[in-house]
Amino acid sequence: MSWLDEIFGVPKVTIGTVYLPALPGAPDYDSSTGLTGVVEAALQDALALKEGGVDGLIFGNHYDRPWLERVGPETAACMARVVLDIIRQVKLPFGVQVWWDPHATLAVAKATGASFVRGLFSGSYAGEMGQISVNPAEVQRYRRAIDARGIKMIYLVGIILGASVAPRSISDVVKDMAWSSLPDALALPGPGPGRAPTLEDLDVARRNSGGLPVFCNTGSTQENVASILSVADGVFASTNLKVDNVSWKPVDVAKVKRYMSAVNAFRQQDPQGRPAREGARR
């Protein structure tokens, strides 16, 4: 039994993303509604995702853009407060991501009782956010120092708005990451927000992951999710579940239900969660 089975209890896991409105200190923070407004908006999205049938949630400070490589204590403290307020009302397995700070991500997860985290935990990148370099040795030692080894870590294989400073093939990156950096799973993004990686790239990642679960990080839709799940172990669902497919609009519960109908139809077709696509394997 994998850790995904232990946490979610279903094959082909679908995790809905809750985009938190900007937190204190971020340029777009709305001081007129304060943290109460942040909680209310995020709670509505979380409730819609749960009603639609997702298996779990991940909370991220997506609207704190432009993102910091190291956030201030106010971000971690406020995010923990918001997540706790919501998860007390929405009972689902959950994780967190603090963009792009790996230490704050683990700290918030520890404080809130999250089961997993997703983030940039290794590698060096450059792009719109400047230069970002993450040493996985430091991150893993921090994880141990705060007694967070029970929190599963899903490593992003690349970032949006940037590229690796030492470009390599997906197979090489995944092999090295799986062997040296101690991830619990991998998440492969597409070429941009709301855009999916190719099935071929997902297949390459899975075949080179050393048996680690591989998620599709972006771009899954009602129309393509079955094909994606024929290769990947799970998906993170976000922008394409929003009204008009616009990230800053609310979650559309009807879209979530249609999306999960496609996921459940695939599960019934292959109840053991085996890869159905020729050439894909664990």
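**Pockets and one serine**

Trainee: How do the residues of the lining of the largest pocket divide into nonpolar, polar and charged?
Mentor: The model is predicted. The lining counts 33 residues. They divide into 18 nonpolar, 12 polar and three charged.

Trainee: Which element gives the most to the lining of the largest pocket?
Mentor: At least two lining residues come from each of β5 (123-127), β8 (162-164) and α6 (170-180). With five residues, the one that gives the most is α6.

Trainee: Which residues lie nearest the centre of the largest pocket?
Mentor: This pocket has a volume of about 650 Å³. Lying nearest its centre are Tyr125, Val157, Gly158, Ser164 and Val173.

Trainee: How much space lies in the second largest pocket?
Mentor: Rolling a probe the size of a water molecule over the atoms shows where empty space is left. For the second largest pocket, that space is about 540 Å³.

Trainee: Which of the residues that line the second largest pocket are closest to its centre?
Mentor: The lining of this pocket has 28 residues. By class, 14 are nonpolar, 12 polar and two charged. Closest to the centre are Tyr19, His62, Trp99, Ile160 and Pro193.

Trainee: With which side chain does the side chain of Ser171 make a polar contact?
Mentor: Ser171 belongs to helix α6. At 3.0 Å, its side chain makes a polar contact with the side chain of Ser169.

Trainee: Leaving aside neighbours within four places in sequence, what is Ser171 in contact with?
Mentor: Contact here means heavy atoms within 4.5 Å. With neighbours within four places in sequence set aside, the residues in contact with Ser171 are Val204 and Asn208.

Note on methods:
Residues are numbered from 1 along each chain as its sequence is written. This is a predicted model: local features need pLDDT of at least 70, side-chain atom pairs count only at pLDDT 80 or more; totals for chains, interfaces and linings use all residues. Side-chain values use heavy atoms; hydrogens and water are left out. On a 1 Å grid over the protein atoms alone, a cavity is a set of points where a 1.4 Å probe fits but cannot get out, and a pocket is an open set with protein on both sides within 12 Å along at least five of seven lines; lining residues have an atom within 4 Å of a point. Grid points are joined across faces, edges and corners, and a volume is the space filled by probe spheres set on the points. Helices (H or I, at least four residues) and strands (E, at least two) are DSSP runs, numbered from the N terminus. Ala, Val, Leu, Ile, Met, Phe, Trp, Tyr, Cys and Pro count as nonpolar, Asp, Glu, Lys and Arg as charged, and the others, Gly among them, as polar. A polar contact is a pair of N or O atoms within 3.5 Å; within protein, one must be able to donate a hydrogen and the other to accept it, and residues adjacent in sequence count only if both atoms are side-chain atoms.
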